[in-house]
Amino acid sequence: MLNYRHLYYFWVVANEGGFARAAERLDMAIQTISAQVRLLESSIGHQLLKPSGRTVVLTDAGRAVFLRADEIFLLGSRIPEEAAAAATGPSVRLSVGLSDGIAKLAAHRLLQPVLATSGLKLICHDGELEQLMAELALHKLDLVLACQPPPHNSSFRLSNERLVASRVDWYGPAALVSDQKIAEFPQSLKDLPILAPTYHAALRERMDRWLENLGIQAQIVGEFEDSALLSIFSAQGMGVFPVTELGSADLVNIQSLKLLGCSDGLNEEIYGIYSSRSKNHPLVRKILNI
């Protein structure tokens, strides 16, 4: 029978990068922790840690054990919260990763079908796609929304569904979006300052190609990872910007923004990425429409 106290000491040492820092965190003697980790290695039959200068690093066996321990203690940390929630009434937890570059306004619209769920506790994380896929594989996330599917050579066993291919519209402040600019769209983009997503977003490269095909030399005056932040700067008069048709529905709350035009041939795709386990989550199934 695995000794989970020994496993916990090993997990802390691996997280802290050494026995001294682990001892400080646990308020224990270094020798005591070292002895407990050796007992764990003996019971498993493999060396889990090896010296590296003044620190320790994981062996191959140690990495496998650490990943599983990470999952175990993450689940354990949720027990008090879930017990309290169960005592006060039914709740449904949904943890969603939003990859860098995805239009947050569009993500909000895709999550809308579950937002009225009774007892919902929604947790959203931003991050790089590779990092979010790792967390999904470790069951720290239930779903990842991304502007591209997982790479074909990904080591994670994940599935994906294309949720939407949304037309891209252009908005800007009324001071810039005159009737003449609307009538001349898209060629009027030549004469307007443009706020663009960064190259974290797959939309950026498609936007650049679309403008190039139209013979438009873009005047990029600002780049933003967050689409909501981009819309705020536009509303203050800095420039016009692209937003998916799906996300533009949320712009009605920003009265100073005005529709410049609708792109022909420029779309943004959003994918829902999930694991075999998270596919069974009722809210994930509702978002994926499966």
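**Briefing: helices, sheet and cysteines in a predicted model**

With a relative accessibility of 13%, Trp-11 counts as buried, because buried means under 20% relative accessible area. The structure described here is a predicted model.

**Trp-11 and its surroundings**

- Trp-11 belongs to helix H1, which covers residues 4-16.
- Leaving aside residues up to four places away in sequence, Trp-11 touches Arg-25, Phe-66, Ala-69, Asp-70 and Phe-73.
- Trp-11 and Val-37 are 26 residues apart along the chain, and their C-alpha atoms are separated by 9.3 Å.

**Packing of helices H2 and H3**

- Two packed helices are described by the angle between their axes and the distance between the axes.
- Helix H2 (residues 19-26) packs with helix H3 (residues 30-44) at an angle of about 110°, and their axes are 9 Å apart.
- H2 is therefore roughly perpendicular to H3, a term that applies to angles of 65 to 115 degrees.
- On the H2 side, the contact involves Phe-19, Ala-20, Ala-22, Ala-23 and Leu-26; on the H3 side, it involves Ile-30, Ile-33, Ser-34 and Val-37.
- Sorted by class, this contact of H2 with H3 has 8 nonpolar residues, 1 polar residue and no charged residues.

- Strand E5 (residues 143-146) and strand E10 (residues 257-274) run antiparallel and are joined by 3 bridges.
- Ala-146 has Tyr-271 in E10 as its bridge partner.

**Cysteines**

- A disulfide is a covalent bond between the sulfur atoms of two cysteines.
- A search of the whole structure finds 0 disulfides.
- Cys-124 is in no disulfide, and the nearest cysteine sulfur, belonging to Cys-147, is 16 Å away.
- The relative accessible area of Cys-124 is 40%, so Cys-124 is partly exposed.
- Cys-262 is also partly exposed, because its relative accessible area is 35%, a value that falls between the limits of 20% for buried and 50% for exposed.

Key
Residues are numbered from 1 along each chain as its sequence is written. This is a predicted model: local features need pLDDT of at least 70, side-chain atom pairs count only at pLDDT 80 or more; totals for chains, interfaces and linings use all residues. Side-chain values use heavy atoms; hydrogens and water are left out. Axes are lines fitted to C-alpha atoms, for helices over the stretch in contact, and angles run from 0 to 180 degrees between N-to-C directions. Helices (H or I, at least four residues) and strands (E, at least two) are DSSP runs, numbered from the N terminus. Angles under 35 degrees count as roughly parallel, over 145 as roughly antiparallel, 65 to 115 as roughly perpendicular and the rest as oblique. Contact means heavy atoms within 4.5 Å. Ala, Val, Leu, Ile, Met, Phe, Trp, Tyr, Cys and Pro count as nonpolar, Asp, Glu, Lys and Arg as charged, and the others, Gly among them, as polar. Two strands pair if DSSP finds at least two bridges between them. A disulfide is a pair of cysteine sulfur atoms within 2.5 Å. Buried means under 20% relative accessible area, exposed over 50%, partly exposed in between (1.4 Å probe, protein chains only).
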